[in-house]
Amino acid sequence: MSDHAKDASRLHEAYLALGANLGDRLGNLNKACERLLASGVRIEARSPVYETDAVAKEPQPPYLNAALRVATVLAPEALLRLVLSIERSLGRNRDTAARWASRAIDIDVLLYEDQTSDSLFLELPHPRLLERPFVRVPLAEVARSGLRHPVSGEPLDRSLPHPGVRLFDGRL
């Protein structure tokens, strides 16, 4: 077996952020998890669900946010294509929606092992990961001990509590 073929079957660790503020928010997060599993992505850890205020200029409903630690054979770009297809299947259209618009589902690839990428298609680590408490708090819940940001070196396995990130009564 070639090295490429061996690597294609190797599981890679990645971290995903999920968010929803339209429709059945918790149901949409759970459907996203079900579709990841159905696509062969193994969910290793699920954070609690948090409710957060929307970060937008115009008023919006609050979000539910969560993070996942996953194992996948997919390359980073293929994982991104998968999460974008799951978003579309759950009613999100990134082409017509404003960047900060409300959404039924949002799935971001936060980290893929310790890789970095700055392509037009995929930035790794996620460029706004460190500045978003609604991502940092759930991420710390699923992060492996000692996980660090691949560029800054900042610890990601812990996060300070944030008043805008409130534990929600519901689980993935």
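Please note that the model is predicted: local features need pLDDT of at least 70, side-chain atom pairs count only at pLDDT 80 or more, and totals for chains, interfaces and linings use all residues. Residues are numbered from 1 along each chain as its sequence is written, and side-chain values use heavy atoms, with hydrogens and water left out.

I begin with the strands. Helices (H or I, at least four residues) and strands (E, at least two) are DSSP runs, numbered from the N terminus. Eight of the nine residues of β1 are buried, so the rest of the structure largely encloses this strand. Here, buried means under 20% relative accessible area, exposed means over 50%, and partly exposed lies in between, with a 1.4 Å probe and protein chains only. Strand β1 pairs with β4 in the antiparallel sense over nine bridges, and with β5, also antiparallel, over six bridges. Two strands are said to pair if DSSP finds at least two bridges between them.

Is A66 buried or exposed? A66 is buried, at a relative accessible area of 2%. Leaving aside neighbours within four places in sequence, A66 is in contact (heavy atoms within 4.5 Å) with L16, A17, L18, S47, P48, P138 and L172. By C-alpha positions, A66 and S39 lie 19 Å apart in space and 27 residues apart in sequence.

I turn now to the helices. Helix α2, residues 25–38, has 14 residues and spans 20 Å from its first C-alpha to its last, close to the 20 Å expected at 1.5 Å a residue. That expected span is 1.5 Å times one less than the number of residues. The buried residues of α2 are R25, G27, N28, L29, A32, C33 and L36. They pack against β1, β2, β3, β4, β5 and α3. Just after α2, G40 takes a positive phi of about 95°.

Helix α4, residues 133–142, has seven of its 10 residues buried, so it is largely enclosed by the rest of the structure. Those buried residues are V135, R136, V137, P138, L139, A140 and V142. Their cover includes β1, β2, β3, β4, β5 and β8.

Next, the loops. H149, in the loop between α4 and β8, is buried, with a relative accessible area of 9%. Apart from neighbours within four places in sequence, H149 is in contact with P125, L129, L130, E154 and L156. P125 itself is found in the loop between β7 and α4, and the peptide bond from L124 to P125 is cis, with omega near -10°. E113, in the loop between β5 and β6, has a positive phi of about 50° although it is not a glycine. E113 is partly exposed, with a relative accessible area of 28%.

Finally, which residues line the second largest pocket? They are L130, E131, R132, P133, R136, V137, E154, P155, R158, S159 and L160. By class, the lining has five nonpolar, one polar and five charged residues.

Definitions and conventions: 1 Å grid on protein atoms, 1.4 Å probe; cavity = no way out; pocket = protein on both sides within 12 Å on 5 of 7 lines; lining within 4 Å. Nonpolar A, V, L, I, M, F, W, Y, C, P; charged D, E, K, R; others polar.
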